[in-house]
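Please keep the sequence and the model at hand while reading.

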Amino acid sequence: MRLVLIGPPGSGKGTQAKFIVESYRLPHISTGEILREARSAGTEARKEAARYMEAGHLVPDEVIIRIVEDRFKSPDCANGFLLDGFPRTIAQANALDAMLGRLCWPLDAVIDFAVSEEELVRRLSGRRSCAACGAIYHIDAMPPAREGVCDRCGGELTQRKDDTSEAIWTRLVVYRAQTEPLIEYYRDKGILATVNADRDVEEIVAEVSGILERAKGK
Ligand code: AMP
């Protein structure tokens, strides 16, 4: 299956992505993750990308499109993939269409995670993640047993630099302006499914599973 997840920061897209890739054995292509990993490599181009990220702005389209193009060359993508956080602009969606057209890889579904703004801010400002294994916590809704320590591996829990209040607002404004138009774009193509992501994780998982089973059966 070839899938795209769209949703504002804090919509729970990352959590759903983990569930989908485990259940359907798909490679998880998260452009945010790829950029965060690259940042620790420390080259000039990567440091520049990190500056956009920390301020909550989008990294330029051509940088991201190149990353995805490269990633598609890995053999693991031949049987499907989950794109999480890409595309985020209409230019990226057009580039993705062109790439997938060349490869004869049509998308099966695009899932849009819709959440109210208040809930997004609450989720993002309380989000903490493990620097070692990537596990995600929330200081109120899903706290670790010991404050600041990962239950799974004992690693240190940190807050992403772009989860601080100023960057959160920038990211939401950027989302509304640049990414939300993709919802219409994919609705017009007849492959969009919208999920109400204001609910509990389990309820969302159940709805997403239904969407994927229908997409698989098409
Ligand atoms: P995420 O982990 O998906 O929330 O992404 C974190 C940050 O990485 C974003 O706020 C952007 O700065 C950058 N980023 C990730 N994916 C993209 C993309 N498709 N286009 C532009 N910037 C991106």
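The structure is a predicted model. Its largest nonpolar core holds 30 residues, and a further core of 25 residues lies apart from it. In soluble globular proteins, nonpolar side chains tend to be buried together.

**Nonpolar cores**

- Within the largest nonpolar core, the residues that touch the most other members are F72, F81, L83, L96, L107 and Y186.
- At least two residues of this core come from each of β1 (2-6), α3 (44-55), α4 (61-72), β3 (81-84), α5 (90-103) and α8 (181-188).
- Helix α5 provides the largest share of the core, namely five residues.
- Leaving aside residues up to four places away in sequence, L83 touches L3, V4, L5, I29, V68, F72 and L96.
- The other core, of 25 residues, lies apart and includes L5, L26, I111 and A197.

**Helix α4**

- Helix α4 has 12 residues, which at 1.5 Å a residue should span 16 Å; the C-alpha atoms at its ends are 16 Å apart, in agreement with that expectation.
- The buried residues in α4 are I64, I65, V68 and F72.
- Viewed down the axis of α4, these buried residues fall within an arc of 100°, and they therefore line one face of the helix.

**Helix α3**

- The 12 residues of α3 should likewise span 16 Å at 1.5 Å a residue, and the end C-alpha atoms, 17 Å apart, agree with this.
- In α3, the buried residues are A49, A50 and M53.
- Because the buried residues of α3 fall within an arc of 105° when seen down its axis, they line one face of the helix.
- The exposed residues E44 and R51 are carried on the face of α3 that is turned away from its buried side.
- After α3 comes G56, which has a positive phi, near 90°.

**Contact between α7 and α8**

- The axis of helix α7 (residues 165-179) and that of α8 come within 5 Å and cross at roughly 35°.
- On the α7 side, the contact is made by Y175, R176, A177, Q178 and T179, while α8 contributes P181, L182 and I183.
- By type, the residues in the contact of α7 with α8 comprise five nonpolar, two polar and one charged.

Technical notes: Residues numbered from 1 in each chain as written. Predicted model: local features only at pLDDT ≥ 70, side-chain atom pairs only at ≥ 80, totals over all residues. Heavy atoms only, no water. Core = buried A, V, L, I, M, F, W, Y, C linked by side-chain atoms within 4.5 Å. Buried < 20%, exposed > 50% of the residue type's maximum accessible area, 1.4 Å probe, protein only. Helix = DSSP H or I, 4+ residues; strand = E, 2+ residues; numbered from the N terminus. Contact = heavy atoms within 4.5 Å. Expected span 1.5 Å × (residues − 1). Arc of directions from axis to C-beta. Axes fitted to C-alpha atoms, helices over the stretch in contact; angles between N-to-C directions. Nonpolar A, V, L, I, M, F, W, Y, C, P; charged D, E, K, R; others polar.
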